[in-house]
Amino acid sequence: MALRCLLQSSTTSSYLSKICGIRMHGTKAAAAASVVEEHVSDMVGGERGEDEEYADVDWDNLGFSLVRTDYMYTTRSCSEGNFEHGCLSRYGNIELNPAAGILNYGQGLIEGMKAYRGEDDRVLLFRPELNAMRMKYGAERMCMHSPSVQQFIEGVKQTVLANKRWVPPPGKGSLYLRPLLFGGGASLGVAAASEYTFLVFGSPVKNYFKEGTSALNLYVEEVIPRAYIGGTGGVKAISNYGPVLEAMRRAKSRGFSDVLYLDAETGKNIEEVSASNIFLVKGNTIATPATNGTILDGITRKSIIEIALDLGYKVEERRVPVEELKEAEEVFCTGTAIGVASVGSITFQNTRTEYNVGDALVTQQLRSILVGIQTGSIQDTKDWVLQID
């Protein structure tokens, strides 16, 4: 249905004609995936039947609560900082509460990504190398040892392949993956940890906006300052989420769905929505706050900008004064969990600005193309999607 709507747009049709010519999955990626699959099948083949295509789950009523899958991937760094060979293990009685548990270690990085199942039963990852590079960058900023990009991607691939039966059927959702990096061992005060653990686990989740019509209802937060330039704003550090979760709790208690932050330097410019990036649309121009060390450089954000430019939109990455919210024709947010989410209203200093979500044609167009690429219904020439089976 999304593609039928897309083809009514001339700009989208031209985009589709540009990207439908080449399938992105090369022989090297397929060969690497087959090696991983052989390794995993040796470990898990005896645990369950080879013909078990899906887990026993009510996929139509899948929510967002944690569902433990079969296996997780773990590897640790040695004293020299190199990560040892990783392994898959059963969950057992592990307590999966990363926000609470890993904070006790003092250092932690967290990524979020999804695995989708295509119509032809292929399992797809969306731009995993960017998650890997962001974790490596964050680790360097926090003086932590980190796995290489290749080790990161290998760990994610093994996790997905070992849990393939938990990847929802096409259109039902995705396997949400949490790659974590945290420090352990004895240390003095804020000294760097002696070793680090890289962990990947997954949980199936439904589509964030199943019908693509639900809209966010935002509240502009003026109390909690964001990170200053040079801080950890561009890093997905677990400790950053404490004040964010508290602000979200307050906003939701007042009937809002999320929080929009202003910059800490002037308090006059918008920054981001919790852990999501924000875009304003006016005519053929799309504006979004520039990432300058305080705003997370979202992978979905980067992808949407590239798609918009290909479609002929003008994209401005700059300071966006909060007053421009009243002038925008459409507002949307991007992130791993939400993909592209329309914003229905924003409340700032007791003044509510509303947007007609039904007329948000730019948002709908960008969302449909992104989802099509992520799920394999649209072939792209950018090598964004990694096939892992």
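In general, an α-helix has 3.6 residues a turn, so residues three or four places apart point the same way. Helix α7 has 13 residues and reaches 18 Å from its first C-alpha to its last, close to the 18 Å expected at 1.5 Å a residue; the expected span is 1.5 Å times one less than the number of residues. The helix is followed by G255, whose phi is positive, near 95 degrees.

The model is predicted, so that local features need pLDDT of at least 70 and side-chain atom pairs count only at pLDDT 80 or more, whereas totals for chains, interfaces and linings use all residues. Residues are numbered from 1 along each chain as its sequence is written, and side-chain values use heavy atoms, with hydrogens and water left out.

The chain contains 9 helices and 17 strands, and 52% of its 389 residues count as buried. Its accessible surface comes to about 17,800 Å², of which 51% belongs to carbon and sulfur atoms, as computed by the Shrake-Rupley method with a 1.4 Å probe. Among contacts (heavy atoms within 4.5 Å), residues 24 or more positions apart account for 74% of those in the chain with a separation of 6 or more.

The loop between β8 (215-221) and α7 (241-253) holds K236, at which an unreviewed UniProt entry places the feature "modified residue: N6-(pyridoxal phosphate)lysine"; such annotations may be inferred rather than shown by experiment. At 10% relative accessibility, K236 counts as buried. Leaving aside neighbours within four places in sequence, K236 is in contact with G108, L109, I110, E111, G112, R134, R178, Y241 and L296.

R301 lies in helix α8, residues 299-310, and is buried, with a relative accessible area of 2%. Its side chain is joined to that of E317 by a polar contact of 2.8 Å, a polar contact being a pair of N or O atoms within 3.5 Å of which, within protein, one must be able to donate a hydrogen and the other to accept it, while residues adjacent in sequence count only if both atoms are side-chain atoms. The buried residues of α8 comprise I299, T300, R301, S303, I304, I305, I307 and A308. The 12 residues of α8 should span 16 Å at 1.5 Å a residue, and the end C-alpha atoms are 17 Å apart, which agrees. After α8 comes G312, with a positive phi near 95 degrees.

Helix α6, residues 149-162, has 14 residues and reaches 20 Å from its first C-alpha to its last, close to the 20 Å expected. This helix is mostly covered, with 11 of its 14 residues buried, among them V149, F152, I153 and L161.

Most residues other than glycine have a negative phi. R127, however, has a positive phi near 50 degrees, and is found in the loop between β5 (123-126) and α5 (128-141), where it is buried with a relative accessible area of 7%. N350 likewise has a positive phi, near 65 degrees, and is located in the loop between β15 (339-348) and β16 (351-354); at 75% relative accessibility, N350 counts as exposed.

A further loop, between β7 (195-205) and β8, contains K206, which is partly exposed, with a relative accessible area of 33%. K206 and F64 are 142 residues apart in sequence and 6.6 Å apart in space, C-alpha to C-alpha. Apart from neighbours within four places in sequence, K206 is in contact with L62, G63, F64, K172 and G173.

How values were computed: Helix = DSSP H or I, 4+ residues; strand = E, 2+ residues; numbered from the N terminus. Buried < 20%, exposed > 50% of the residue type's maximum accessible area, 1.4 Å probe, protein only.
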